[in-house]
Amino acid sequence: MPTSSGHTQAILAKKVIGTNVENMKGEKLGTIEDVVLDKSSNNVMFAVLSFGGFLGMAEKYHPVPWPMLDYAKDRDAYVVDVTRAQLEAAPADSMEALTRDDGHGVRDRAYQFYQTPRYW
């Protein structure tokens, strides 16, 4: 049965981590670094997209609302309707800051920036 975001198959988080993320043009934007869960509501808050940097230095971590990600089996990647310029302007922070204060501030900024319907 499809979820509210259209995902239809169960997958382990460890298989999502490391998956490429591309834009609609097929350009690689980054990879899924982690998935942040809301323990209180049992929802996926956001995926953490690693973008920029070199060999882990100066890398930025972008919270991307889970409903924005569509898995394209033929590409073996998640596809988002976001340009590189939009991603560069999007909220980003350190991994530690993404879950500070229960992650609500980061979550709220990400959903507002991408104008994604809220699950809460």
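Predicted model: local features only at pLDDT ≥ 70, side-chain atom pairs only at ≥ 80, totals over all residues.
Leu87 is buried, with a relative accessible area of 2%. Set aside neighbours within four places in sequence, and Leu87 is in contact with Leu29, Leu49, Phe51, His62, Val82 and Tyr114. Take Phe51 from that list: it is 36 residues away along the chain, yet the two C-alpha atoms are separated by 8.5 Å.

Tyr114 leads on to helix H4, which spans residues 104-114. Which residues of H4 are buried? They are Val106, Arg107, Ala110, Tyr111 and Tyr114. The spacing follows a general rule. An α-helix has 3.6 residues a turn, so residues three or four places apart point the same way. What covers them? The cover includes three strands, S2 (28-38), S3 (43-51) and S4 (60-64). It also includes helices H2 (84-89) and H3 (95-98). Just after H4, Gln115 takes a positive phi of about 55°.

Pro117 is 52 residues from Pro65 along the chain, and their C-alpha atoms are separated by 9.2 Å.

Is Asp38 buried or exposed? At 10% relative accessible area it is buried, because the cut-off for that class is under 20%. Leaving out neighbours within four places in sequence, Asp38 is in contact with Asn43, Met45, His104, Arg107 and Tyr119.

Now the nonpolar interior. In soluble globular proteins, nonpolar side chains tend to be buried together. The largest nonpolar core in this model has 18 residues. Ile32 and Leu69 have the most contacts inside it. Which elements give two or more residues to this core? They are S2, S3 and strand S6 (77-80). A second, separate core has seven residues, including Val36, Met45, Phe46 and Val106.

The aromatic rings come next. A pair of aromatic rings is described by the distance of the centres and the angle of the planes. How many aromatic pairs does a search of the whole structure find? It finds six. In the pair of Tyr71 and Tyr78, the centres are 5.2 Å apart and the planes stand at 65°, so this pair is edge-to-face. The two partners differ in accessibility. Tyr71 counts as partly exposed at 41% relative accessibility, while Tyr78 counts as buried at 4%. Ring pairs also bring in Trp66, linking it with Tyr71 and Tyr78 into a cluster.

Tyr111 and Trp120 form another edge-to-face pair, with centres 5.0 Å apart and planes at 85°. Tyr111 counts as buried, at 1% relative accessibility. Trp120 is partly exposed, with a relative accessible area of 40%. Arg107 lies over the face of its ring, at 3.7 Å from the ring centre.

Finally, the backbone. Most residues other than glycine have a negative phi, and most peptide bonds are trans. Asp76 has a positive phi of about 50° although it is not a glycine. It lies in the loop between S5 and S6. Asp101 also has a positive phi, near 55°. Its loop runs between H3 and H4. Asp101 is exposed, with a relative accessible area of 66%.

Terms used:
Residues numbered from 1 in each chain as written. Heavy atoms only, no water. Buried < 20%, exposed > 50% of the residue type's maximum accessible area, 1.4 Å probe, protein only. Helix = DSSP H or I, 4+ residues; strand = E, 2+ residues; numbered from the N terminus. Contact = heavy atoms within 4.5 Å. Core = buried A, V, L, I, M, F, W, Y, C linked by side-chain atoms within 4.5 Å. Phe/Tyr/Trp six-rings, centres within 6.5 Å; stacked < 30°, edge-to-face > 60°. Lys NZ or Arg CZ within 6 Å of the ring centre and 35° of its normal.
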